[in-house]
Amino acid sequence: MRLVLSLALVLTSSFLFAQRDFYDDYTFSRADTLRGSLRPERTAYDVTFYELDLTVDHQKRSITGSVDMHYRVVEPFTTLQVDLYENMSLDQVTWRGQALEFERVANAVFVKFPSTQSAETDDRIRMHYHGQPTVARNAPWDGGFVWGQDQKKRPWIAVACEGDGASLWWPNKDHLSDEPDSMAIKLTVADRFVAVANGNLRKTVPLKKTRQTRYEWFVSYPIDNYNVTLNIGHYTHFHDVYTAENQDTLALDYYVMDYNEDRAREHFKQTHQVLACYEHYMDRYPFWEDGFALVETPYLGMEHQGAIAYGNKYMRGYLGGMIPRDMQWDYIIVHEAGHEYYGNSIGVADLAEMWIQESFTTYLEALFVEYTMSYADAVRYLDKQKLYILNQEPVLGPLGVNWEDWDGSDHYFKGAWILHTLRHAIGDDEKWFQIFKGFYRNNALSLVTTQDFLRYVNEQTDRDWTAFFEQYLYYPQVPTLEYQLTEKDDQLLINYRWQADVADFAMPVRVGTTKKRLRITPKVGEWQEFILFNAKKEDFRVATSLFLIKMKEVKN
């Protein structure tokens, strides 16, 4: 139920800086626009509750079900838009006992009512559907169903659909701006399986005539549609408890393959440290009443709210790699638990601004290292991530077209480095962590934009960081520190300036020697100078481990 503020946020964010032309030559399809834009057929209503009732046939690789969509009318309408992939059959849409007409345009469905829906009223429609959902070629990066097998060659079923959208497997208003306040998920499966979804399991109903079991789950918080999940397999369940700083207890539930229970019991102990770290830097776990869960999956991982997909094979790092060898933590647990804060609690209204979700979460990995090891180790961890920064396109994408087609991972790693750079440009760790914690706590369980974060940083530092965000988010390249070095007797004269796309970019940076460090504020196109005494050219250093910049020496 985030629609009311989302349209204003998206429009405001799009005009925060002058429009850039990087994406002018990109071609966006009609389907992309229908998925990504907030048209009147979407903004006229606000979803408050979904009830998904689904039967999964693992032999036919098909699903059959219905969705009750409860909504509040924001503006009078006679037509609303929902979404369901073209390969899925929408059999019927009913309202107050009568069938409604609907029309498909690509993956969008326009449902027509016989009379005008009045503003400030509450209503619902029921959508019946069936089909064989899109199969993921490489989950979670490529969305769809995973019809896998466990080590004993038994069926193992899961889904991942971030970016591609939940409408690839159930009909809904498939836009990030509108989440239900809560949701019911009913999964009917063959009785030899366990079916795990989000939230709390309220009831298990044996259906003896059909040799099936219905699992009834309930999510009591707002949830992104792409975070709604199902996991079906031969699961065993075990339980643990995390104790918060105020001594409140959080339910920890783990669903793993039956042959992995002993291994999981030992490996998942690190969850306590992860949750303690995030409570320290932000707040306690945001979905307290629904509990925290890890669910083993046949693919690597996904931040499904309250039911994190875990497929890292009980290894350190990212399937055994990606993190320094002396670090023993599990990347998927640390990263996906971070998404419970940024992505699930704090979200965005447009895929173009996914940097907020991914960059903050990636930066949380470094903070976890800082919390459990040291600041120097966190910097060492971030330095390793520089290998994955490409600087080929802006971190921010184009708004309103459901675009998530980055060529690399700059909205992860470069974004984390932007936050690392901002921390040191501010130059006051006490202030930085006040900003980091305050921004989260002020915006928990809500949608934010880039402008919201910029505004908060400006207010807390009493300084305008607009040019900083414009340079790092709207242009592919990072700023370059140009410098000239001139030796004279025992003095080293340093001339310096920024080369950047944004004319008023003026970020502070730390330079000097191993014995003396200075904080300077270069300007674009304007040479400034300072002198280091008792120094040679080879002594000159720039703190590139603290700032994401390029260096260029300009010969005299």
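Let's start with L90. Buried or exposed? L90 is buried, because its relative accessible area is 10% and the cut-off for buried is under 20%. Keep in mind that this is a predicted model.

Where does L90 sit? It is found in strand β4, residues 89–95. Now its surroundings. Set aside the neighbours within four places in sequence. L90 is then in contact with L84, F102, R104, V109, M127, H128 and Y129. Take one of those, R104. L90 and R104 are 14 residues apart in sequence. In space, C-alpha to C-alpha, the separation is 9.6 Å.

Next, strand β1, residues 45–57. How many of its 13 residues are buried? The count is 10, so β1 is largely enclosed by the rest of the structure.

What does β1 pair with? Let me take two partners in turn.

One is strand β2, residues 62–73. β1 and β2 pair in the antiparallel sense, over 12 bridges. For a landmark, find Y50: its bridge partner in β2 is M69. β1 and β2 form a hairpin, with 4 residues between the strands. Look at R61 in that hairpin. R61 takes a positive phi, near 55°.

The other is strand β11, residues 182–190. Here the strands run parallel, and 7 bridges join them. The landmark on this side is L54, which stands opposite L187 in β11.

So, to recap β1: antiparallel to β2, parallel to β11, and with 10 of its 13 residues buried.

Notes: Residues numbered from 1 in each chain as written. Predicted model: local features only at pLDDT ≥ 70, side-chain atom pairs only at ≥ 80, totals over all residues. Heavy atoms only, no water. Helix = DSSP H or I, 4+ residues; strand = E, 2+ residues; numbered from the N terminus. Buried < 20%, exposed > 50% of the residue type's maximum accessible area, 1.4 Å probe, protein only. Contact = heavy atoms within 4.5 Å. Pairing = 2+ DSSP bridges.
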